[in-house]
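Subject: Structure handover, with notes on one helix

Dear colleague,

Here is the structure we discussed. My notes on it follow below.

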Amino acid sequence: MNRGHNRETVFGDDDDRRYFLGLLARYKARFPLRLYHYCLMGNHFHLLIQLAQPRHLSALLAGLLRSYVHYFHRRTSFVGHLWQGRFKSPAIDVETYLLSCGRYIERNPLEAGLVKAPWDWPWSSCAALACGRSDPLLDANPCYAELAAAPDRRQQRWREFLIGDDPKEELIRRDDWIVGNEEFRWRMHQQAARPAPRGRGRPVRARESARRAFIPQHHEKT
C-alpha cells in the first residue's frame with residue numbers, strides 16, 4: 001500500500017487509473033507474482049500480492065511507483081514528491097487471513113462513501129470476485145475458490161462476506177507488519193530475528209525475506 005504525499009491525489013481521473021493498471025500488468029509479466037485483490041482510490045492504492053521470491057518486492061514496487069511518477073509528471077507538469085515514502089508491506093497469514101484482507105481492500109470505496117456496494121467500484125478486484133466480471137490482472141485465489149464449487153455460489157458468498165461483519169477486521173487495521181494468528185506471528189518474529197544469509201550484492205533483510213504476501217494496514221478516505 002502507498003498513498004500520495006501529504007495525502008494528495010495520485011489518481012486524478014480514470015485515465016490515471018488505467019495507466020497505473022497497465023503498468024501493473026507490465027510488472028506482473030516481469031516479476032513472478034500472483035495478484036489476488038487490488039483497489040485504486042483517489043490518494044492511495046492497495047495490492048494484495050504473493051511473490052515467488054519475496055526479495056523482489058522492493059524492486060517490483062520501486063519500479064512500478066517510479067514509472068507512474070514519470071507519467072504523472074509528464075501529464076500534469078507536477079514537480080516534487082508524489083508518494084509519501086516507502087510503501088507499506090505487512091506479511092499476512094495466507095491460511096487464515098487472506099480473504100479478510102481482501103475484504104478490507106475491496107470495501108475501501110464503500111467506507112469512503114463513494115459507492116452503495118463494494119462491487120460498484122470499477123477500479124478494484126471486487127466486481128470480478130463478487131459478480132464474475134472478467135479481470136485479466138487477477139490470479140486464481142485458492143482461498144476464494146474454497147468458498148463454493150460453483151462460480152455463482154462463490155460470488156454470492158463473497159458478496160455476503162463483503163457486506164457482513166468480520167471479527168478479523170480489527171486486527172487487519174492495526175499498524176503492524178504481521179497479520180495472522182499467534183503461531184504465525186511468532187514464526188515471523190523468529191525469522192525476522194535471524195541474521196540474513198551472506199551473498200553477493202546488498203544484503204536482504206530477513207524481515208522482508210520472511211514475507212509471503214502483502215497488504216495495506218491504514219484505511220484512508222479520499
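What does the accessible surface of the protein come to, and what percentage of it belongs to carbon and sulfur atoms? The total is about 11,400 Å², and the carbon and sulfur share is 49%. Please keep in mind that this is a predicted model.

Overall, the protein has 10 helices and six strands. Of its 222 residues, 50% are buried. Among contacts with a separation of 6 or more, 73% are between residues 24 or more positions apart.

The rest concerns helix 1, residues 14–30. Its 17 residues should span 24 Å at 1.5 Å a residue, and the end C-alpha atoms are 25 Å apart, which agrees.

Which residues of helix 1 are buried? They are Asp 16, Arg 17, Phe 20, Leu 21, Leu 23, Leu 24, Tyr 27 and Lys 28. These residues lie on the same side of helix 1, because they cover an arc of only 155° around the axis. As background, an α-helix has 3.6 residues a turn, so residues three or four places apart point the same way.

Regards

How values were computed:
Residues numbered from 1 in each chain as written. Predicted model: local features only at pLDDT ≥ 70, side-chain atom pairs only at ≥ 80, totals over all residues. Heavy atoms only, no water. Helix = DSSP H or I, 4+ residues; strand = E, 2+ residues; numbered from the N terminus. Expected span 1.5 Å × (residues − 1). Buried < 20%, exposed > 50% of the residue type's maximum accessible area, 1.4 Å probe, protein only. Arc of directions from axis to C-beta. Contact = heavy atoms within 4.5 Å. Areas by Shrake-Rupley, 256 points an atom, 1.4 Å probe, with all protein chains shown as cover.
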